[in-house]
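Good morning, and thank you for making time for this item.

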Amino acid sequence: MASATSNPYTDDVSLLIVLMDTNPYFWGAMNGAAAFSQFLNQVLPFLNSILLLNQLNQLVVIATGVNSCDYLYDSSRVGHESEKRSTKGIPGHSLEILQKLEDFIAKDQQLSNSDEAPGKICSLLSGSLSLALCYIQRILRTGPVHPQPRILCLQASPDGSEQYVAIMNAIFSAQRSMVPIDSCVVGSEDSAFLQQASYITGGVYQKPQHLDGLFQCLSMVFATDLHSRRFLKLPTPTGVDFRASCFCHKEPIGMGYVCSVCLSIFCKYHTKCSTCGPTKQVPPRGYSFSFTYGMAKWSRLCLRPFKFFLRCLVCGFPRRGMDLRIFVPPHTISLRVTSNLCSAKI
Amino acid sequence: MEPPVVTMRAKYKASGPKDPGVAGVLTMRDDSFIFRPNDPSSSVKLDVSFRCIKGHKFSKEGSKQALLNLTQDKGGGYMFEFANFKDRDVCRDLVGRVLGRLQCLPPSDQSAQVVPAQPTTQHDNQLSMAEMEQRMNLLREDSELQKLHRQLVIGGVLTETEFWATRKNLLDDAAHKASKQRAGFKSAMLADVRPLTDGRTNKVTFSLTPEIIHQIFAEKPAVHQAFLKFVPSKMSERDFWTKYCRAEYLHRTKNSVAAAAEAAEDEELAVFLKHDDILASEARRKIRRVDPTVDMAADLGDDYSHLPGHGILRDGSKESVDSESELPKRTLLQDLNRHAAVVLEGRTLDVELGDTRTVAEALARSKQAEVATETSDETENQKRLERVSQMTEIEDLQAPRSLPYAPLCIKDPREYFDSQRANAFKATGDTGSGVNKDCCHLSTKQAYESLRAQILEVKSVGFKDPIVIPDLALKVLNDVNQQLSSTDPQLGKNPQATVLDMLPHRTKEELLQHWTSIQELLRHFWSSYPLTTTFLHAKVNRVKDAMAQIYRKLPEVKESVQSEFRHQVSLLVKPMLQVLDEAFKHYDAEMQKRSTKTMSKVGMTGLGVFYTRTGGYYTVKYEVLP
């Protein structure tokens, strides 16, 4: 067992993975032609400051493009060109990031179909989240000695509702690995996915007002490591938009039908679930599900009757949908299904 | 067959045995006895029902008078002297029979007191005592249930059966729990019976209860076997136990010579004094079957009866060199070990401890069943070898065995993961904001070009200096600080803590109590519809009144709370009020429907009215007569 002296990673060493949104449609359309350069002017010094906070801090930058995602920078790789001298006041890391960014954008452009009307302007957040999580998994498997990982999402473009399933899967695996996802949304509207992500994983969600003051906001809120967050008070969201999207149309819905085996949500009644196929098994009891309806305390969510049976959490007795009450306990994201008779026990 | 009526000459002694007594005739019947004196002028006439007689006493055979005393409840009694003991015995037997019969029947006036102090329904007499017990137990254990019960049932809103109708599973659980648990043997060594010695009369009294007897059988299989063999064929149970106790007494005292002498005389006694061979053979058999790898079930030390030189003897002396006597000495340790082993094994019998014979037989049967299910020695050996070979594997040296995961099976991955392009287009179009409108005019090429240009700009120009204008930085700082201070300090701190925990204790209890009663009442309310009988009508009215009461109480709860919690409490109370409102609305609608029906019925007098019955409901058909 590594003793305290031999473990170089103290509590405040962090591994920060930054997901940078490089959606050209969004950045090009922002008011002020130089929006992206302004953005870079704020973010790159912030990344440098992260590396300065602690000698052992590690930094990974991933670009979130429209058609692809890629790693831009990894501070733990030995022998990269950061040793080369800084030019014009830009340190070597940043130069490297910029270079890689240019290459990435060129690649991304090649991947996109030319002369296509810009129908979608959403970045592939799910892809970059997956890349980040894979990197973190690799780090976690190297052994018990590693810095504490967290993810910072710098999101500019709005949510793509078609990525709902993939993003939720990524969020749950982050929750399971206990990796907080911080979100800094520089776009014009709130991102429901990132709100949920930060809420579930225990991260911070912030939507700064001014792009000029982004550096201040980043260094105030997002530079803190996980250990210090226990003593510091960070902004918490006043409300989280918890709406789920249906699996067939990927549209956000408030009420829907749920398959009792795999818990896929549908907006219309289906006799057969498209995810798990037709099955008549009664699932085991005691499952939790990421679907809440507002922040109301113990509100009753009525799902209309469906063909499948669900089991009551308390007595284990299978009942048809009509008899079930679905409780939404406050501050948690789980759906508990009990029969009416047993609901008094909850 | 005893005659139902007994007539004897007897003397009635009113004040005790010294009284010369009034001669007369005593007639005893099934339910009463009558005494008529020979002398018609005497005032002593008795006609007493046996119900007043609680017991009877009689003098022993061989004493001066043959007396029979019929004692009453309050202490008085009727004493009769008979001419001879035979007569007295006949009367005594009759009295005994009658009293026995009377005491078996439950007295009729006691039933009124057994009725529970709760409102009774027509099903009360179908309740068994056991179920009553269970209900009381449940109410005692669960204080919330008790409160609910008190409020609703004793308040007259619901009846017992209705209350318990939905809680059948609770009662079943309780029944299960009650029946499953068995008490084990006591830890104290009951089999080591200590007698009461009476110095004055030189009597040694052993008292054997069924519990002690059960333990003796469990601990000393030789005694058990002897019991089965000898009783009742060779000797009565009482004699058997007398012999056993004598043997124990001899052990206890230092009387080894006397013990040998007695053993020589009485072979049955010798059984109790000898070694317990059965125990020894059991121990040996267990040793043979021991798994050498881990199992500590038995080892050589179990055959302690043959190991010399261990322990302190029962009579306190150290072991003497004299081992000539056949009677081996029992040591304290042996007895303790045996007792401990039996206690840990637990009770194998479920039989009620009453009759010794049945207990012994049941124990013998269970032992036989055990032996029968035990496999033979060879198979045991085989199994043991297999176990040994399994145990010698060293787990560390083996490859890690990972559990098989159920493979993820998605029927149509494309549809699950990917978007449907047309829908996505529509979706973004719907939820599109000003951004969408803005970038429509940019083509792909233009967008990328501008991005690239900006990157180049940063590369060439370098970072701004300063990165952030100080004033702006200060503004951002203040904004964030304000945001932090304005948010609720409790919010988000501890996701597990609920609003209820923050409220004062009394309010929380009240709210929870109201909520459980509302749930219970609603359950009954909604299950009563549609209203078909007057009973349901009455029930619904009662339930509605109770709900109205709670409805009135809820705003009071809100008012009673401090202002900082008032918002939270109102949020909590709102769904309760909503749910009650729904119920009231439904009730009112039903009442209205009913009243319009009756009104229209009344208005239709003079016209023919047909009533037809469809599916359990009455529908009214109106027909206009010409």
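This is a predicted model: local features need pLDDT of at least 70, side-chain atom pairs count only at pLDDT 80 or more; totals for chains, interfaces and linings use all residues.

Residues are numbered from 1 along each chain as its sequence is written, chains are lettered from A and ligands numbered from 1 in the order in which they are written, and side-chain values use heavy atoms, with hydrogens and water left out.

Let me start with the sheet. In chain A, 6 strands form an open sheet of mixed pairing, in the order E3-E2-E1-E4-E5-E6. Strands here are DSSP runs of E with at least two residues, helices are runs of H or I with at least four, and both are numbered from the N terminus; two strands pair if DSSP finds at least two bridges between them. At the edges stand E3 (69-74) and E6 (205-206) of chain A, each pairing on one side only. Helix H7 of chain A, residues 214-222, packs on this sheet and touches E4 (148-155), E5 (181-185) and E6, where contact means heavy atoms within 4.5 Å. The direction of H7(A) makes about 160° with that of E5(A); axes are lines fitted to C-alpha atoms, for helices over the stretch in contact, and angles run from 0 to 180 degrees between N-to-C directions.

I turn to strand E2(A), residues 58-64. E2(A) and E3(A) run antiparallel and are joined by 5 bridges, with Thr64(A) opposite Cys69(A) and Val60(A) partnered by Asp74(A). A hairpin of 4 residues connects the two strands. With E1(A), residues 14-21, the pairing is parallel, through 7 bridges, and Asp21(A) has Thr64(A) as its bridge partner.

Is E2(A) buried or exposed? Because 7 of its 7 residues are buried, E2(A) is largely enclosed by the rest of the structure; buried means under 20% relative accessible area, exposed over 50%, and partly exposed in between (1.4 Å probe, protein chains only). One face carries Gln58(A), Val60(A), Ile62(A) and Thr64(A), and the other Leu59(A), Val61(A) and Ala63(A).

Finally, chain B. Lys539(B) lies in helix H23, residues 534-560, and is buried at a relative accessible area of 7%. Beyond neighbours within four places in sequence, Lys539(B) contacts Leu158(B), Glu162(B), His524(B) and Ser528(B). Leu332(B), by contrast, is partly exposed at 37%, and belongs to helix H13, residues 332-345.
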